[in-house]
Amino acid sequence: AALLGDLRNALPDNQFALCYQPIVDLLSGDVHKAEALLRWQHPRRGLISPAEFIPLAEETGLIREIGDWVFESAAKQVQTWRSNIHPEFQISVNKSPVQFQSLEHAPEDWFAYLNRLGLSGQSIVVEITEGLLLDANLVVHNHLMAFRDAGMQVAIDDFGTGYSALSYLKKFDIDYLKIDQSFVRNLSEDSNDFVLCEAIIVMAHKLGLKVIAEGVETAQQRDLLTSIGCDYGQGYLFAKPLPAELFDQQFGKSS
Ligand code: G
Ligand code: G
Ligand code: MN
Ligand code: NA
């Protein structure tokens, strides 16, 4: 309950920050994409994980303002990186299922915001989990369509950990599958995980989707993923989620 009171002050008191983790093109090594990950610097408790406070934000409706802040911060950042890293730089933002159920007007607001910055919709990827699409109602459907109409792309996060009812892949227009880190962790030792990754990649490509492997921690994992045609890698091997200044230093043009 105390945390809830603090959460209400977090936005006005400037306690949120976004970190950016690079998404690396496995063939070229290029870094033209990043995932934005929210951080709460609590004045007394220190850093609090979104896994802890997002559910609280959802219960209280604060998620609306927080989600808008995340989006607007990411949009300003992608504008900078489109001019000084690569003209097609993309930033992905996470959206939890609750954010889809209630925020019927967010896609239009976000589209207008991108327009004001002179950015195309393509600069933003929305990450959702497969659970959202499994019991997708009309609100969810319209919400997704509005993102698509604005040109934004959609990624399925944590792919493979949900219900693996794959029919939603043909019902919705999806751009990326993100293979969950639980399949990548033992990739070098566990032949089942290797076969699963390979099958996911083949299927995704046949459906016209690109694949991002999460939780890539070793060069061996990276090489195996590259050998089976995985498009992108994300994980500590390349970099941890970084404050924007550090991301700039490591992946900006001047570096
Ligand atoms: O770095 P990591 O601890 O950032 O993230 C923990 C969890 O929080 C992940 O499941 C991630 O998808 C989620 N998360 C991170 N940032 C955001 C955000 O801005 N919005 C939402 N809804 N979830 C986020
Ligand atoms: O649910 P989502 O995929 O959005 O969250 C990504 C989470 O994975 C974040 O908490 C992020 O900090 C974490 N993460 C990113 N790269 C790695 C990695 O290489 N290994 C592990 N164990 N976690 C990672
Ligand atoms: Mn994610
Ligand atoms: Na994930």
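Where does N14 lie? N14 lies in the loop between α1 and β1 (16-25), in a model that is predicted, so that local features need pLDDT of at least 70, side-chain atom pairs count only at pLDDT 80 or more, and totals for chains, interfaces and linings use all residues. Residues are numbered from 1 along each chain as its sequence is written, while chains are lettered from A and ligands numbered from 1 in the order in which they are written.

**Overall build**

- The protein has 12 helices and 10 strands, where helices (H or I, at least four residues) and strands (E, at least two) are DSSP runs, numbered from the N terminus.
- Its radius of gyration is 18 Å, close to the 18 Å that the globule rule gives for 255 residues, so the protein is as compact as a globular protein of that length; the radius is taken over C-alpha atoms, and the globule rule is 2.2 Å times the number of residues to the power 0.38.
- Taken along the principal axes, the C-alpha atoms of the protein fill a box of roughly 50 × 45 × 40 Å.
- Of the 255 residues, 36% count as buried, a term for a residue with 20 or more other C-beta atoms within 10 Å of its own, whereas 12 or fewer make it exposed and a number in between makes it partly exposed, with C-beta atoms placed from the backbone.
- Among contacts with a separation of 6 or more, 64% are accounted for by residues 24 or more positions apart, and two residues are in contact if their C-beta atoms, placed from the backbone, lie within 7 Å.

**Helices α1 and α2**

- Helix α1 (residues 2-10) packs with helix α2 (residues 50-60) at an angle of about 80 degrees, and their axes are 11 Å apart; axes are lines fitted to C-alpha atoms, for helices over the stretch in contact, and angles run from 0 to 180 degrees between N-to-C directions.
- The two helices are therefore roughly perpendicular to each other, since angles of 65 to 115 degrees count as such, while those under 35 count as roughly parallel, those over 145 as roughly antiparallel and the rest as oblique.
- In this packing, L3, L4 and L7 of α1 meet F53, L56, A57 and T60 of α2.
- The residues of this contact divide into 6 nonpolar, 1 polar and no charged, where Ala, Val, Leu, Ile, Met, Phe, Trp, Tyr, Cys and Pro count as nonpolar, Asp, Glu, Lys and Arg as charged, and the others, Gly among them, as polar.

**Surroundings of the ligands**

- Around ligand 1 are L37, L38, S49, P50, A51, I54, V70, N94, K95, S96 and P241, and a residue is near a molecule or strand if its C-beta atom, placed from the backbone, lies within 6 Å of it.
- β2 (31-42) and α2 each supply at least two residues of the shell around ligand 1, and the largest share, 3 residues, comes from α2.
- The shell around ligand 1 divides into 7 nonpolar, 3 polar and 1 charged.
- Ligand 2 has 13 residues around it, of which D157, G215, E217, G235 and Y236 come nearest, and its shell divides into 4 nonpolar, 5 polar and 4 charged.

**Individual residues**

- N14 is exposed, with 9 other C-beta atoms within 10 Å, and its phi is near 65 degrees, a positive value in a residue other than glycine.
- N14 and W40 are 26 residues apart in sequence and 9.3 Å apart in space, C-alpha to C-alpha.
- D158, in strand β6 (residues 153-159), also has a positive phi in a residue other than glycine, near 55 degrees, and D158 is partly exposed, with 17 other C-beta atoms within 10 Å.
- N84 belongs to helix α3 (residues 63-84) and is exposed, with 12 other C-beta atoms within 10 Å.
- Not counting residues up to four places away in sequence, N84 touches G252 and K253; N84 and K253 are 169 residues apart in sequence but 6.4 Å apart in space, C-alpha to C-alpha.
- V216, in the loop between β8 (210-213) and α11 (219-227), counts as buried, with 27 C-beta neighbours inside 10 Å.
- Leaving aside neighbours within four places in sequence, V216 is in contact with residues including V184, Q221, L225 and F238.
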